[in-house]
Amino acid sequence: MPIRVLLPGDQEVVARLWSRRQTGDGWRYEVGLPAYRNGPGDVVEPAEYRVWVRAPDHVRPVDGVSYDAVPTEYLAPPSPVQEALGPRRPSGWVLAKAGGRGPARGGVVHAVDCEEAPAGAPVLPLTRALDVAEQAGVRLCSLCGAAAELDPVLKGFEHGFGEP
């Protein structure tokens, strides 16, 4: 199928649309751009350069062309569980160190997607986050839910249900 491809420098060429793929942030189209390549000796021969481009940013339809027959890969529909629960947050925890010296220097444990989490901090798996949370001077962030998620594991699941 012919399709117009927008190139850098406000250039536009007609290329071949091979397939299209739906992604989490839009569509990608696999296009074959016409080109030349050097063959044996001094021969110059026609060629095609295939590349995935973002649609509609880099492609435009050709008037009168139907794209219904183009192989198309759609995202899998969300499962009923995903629909009910919504998107999952990234896994892991980070420690925002409070500074100071010695074993009780403290800090705050955050979920990795917390707006208060330090950028570039190493991501801690659950077991390491629990070890860090038990250190003197370390607290759990209540803004991102680290406290609500980690406290029951640290204190036992009966905590808060009337058990001593």
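Entry 1, strand pairing. I count two strands as paired if DSSP finds at least two bridges between them. Strands (E, at least two residues) and helices (H or I, at least four) are DSSP runs, numbered from the N terminus. The model is predicted, so I kept its limits in view: local features need pLDDT of at least 70, side-chain atom pairs count only at pLDDT 80 or more, and totals for chains, interfaces and linings use all residues. Residues are numbered from 1 along each chain as its sequence is written, and side-chain values use heavy atoms, with hydrogens and water left out.

I started with Arg20. Its bridge partner in β3 is Tyr29. In β6, Arg20 has Thr72 as its bridge partner. I then looked up the strands themselves. β2 and β3 (residues 26-38) run antiparallel and are joined by 7 bridges. A hairpin of 2 residues connects β2 to β3. With β6 (residues 72-73), β2 pairs in the parallel sense over 2 bridges.

Entry 2, the β1 side. β1 and β2 run antiparallel, with 6 bridges. Pro2 has Arg16 of β2 as its bridge partner. The hairpin of β1 and β2 has 3 residues between the strands, and Gly9 there takes a positive phi near 75°. Asp10 lies in the loop between β1 (2-7) and β2 (11-23). I checked its phi: near 60°, positive in a residue other than glycine. Most residues other than glycine have a negative phi. Is Asp10 buried or exposed? Asp10 is exposed, with a relative accessible area of 81%. My cut-offs are under 20% for buried, over 50% for exposed and partly exposed in between (1.4 Å probe, protein chains only).

Another, at 3.4 Å, joins the side chains of Thr23 and Arg28. Leaving aside neighbours within four places in sequence, Thr23 touches Arg28 and Leu75.

I found a cis peptide bond between Ala55 and Pro56, with omega about 5°. Most peptide bonds are trans. Pro56 sits in the loop between β4 (44-55) and β5 (59-60).

Which residues of α2 (residues 126-133) are buried? They are Ala129, Leu130, Val132 and Ala133. They cover an arc of only 160° around the axis, so they lie on the same side of α2. The arc is taken over the directions from the helix axis to the C-beta atoms. Their cover includes β7 (93-97), β8 (107-111), β9 (138-140) and α3 (146-155).

I define a nonpolar core as a set of buried Ala, Val, Leu, Ile, Met, Phe, Trp, Tyr and Cys residues joined through side-chain atoms within 4.5 Å. The largest has 21 residues, and Trp93 and Val109 have the most contacts inside it. β7, β8, α2, β9 and α3 each give two or more residues to this core. α2 gives the most, with 4 residues. I looked up Val109 next. Not counting residues up to four places away in sequence, Val109 touches residues including Trp93, Val132, Ala133, Leu140 and Leu150. A second, separate core has 12 residues, among them Leu17, Val31, Tyr67 and Val70.

Note on methods
Contact means heavy atoms within 4.5 Å. A polar contact is a pair of N or O atoms within 3.5 Å; within protein, one must be able to donate a hydrogen and the other to accept it, and residues adjacent in sequence count only if both atoms are side-chain atoms.
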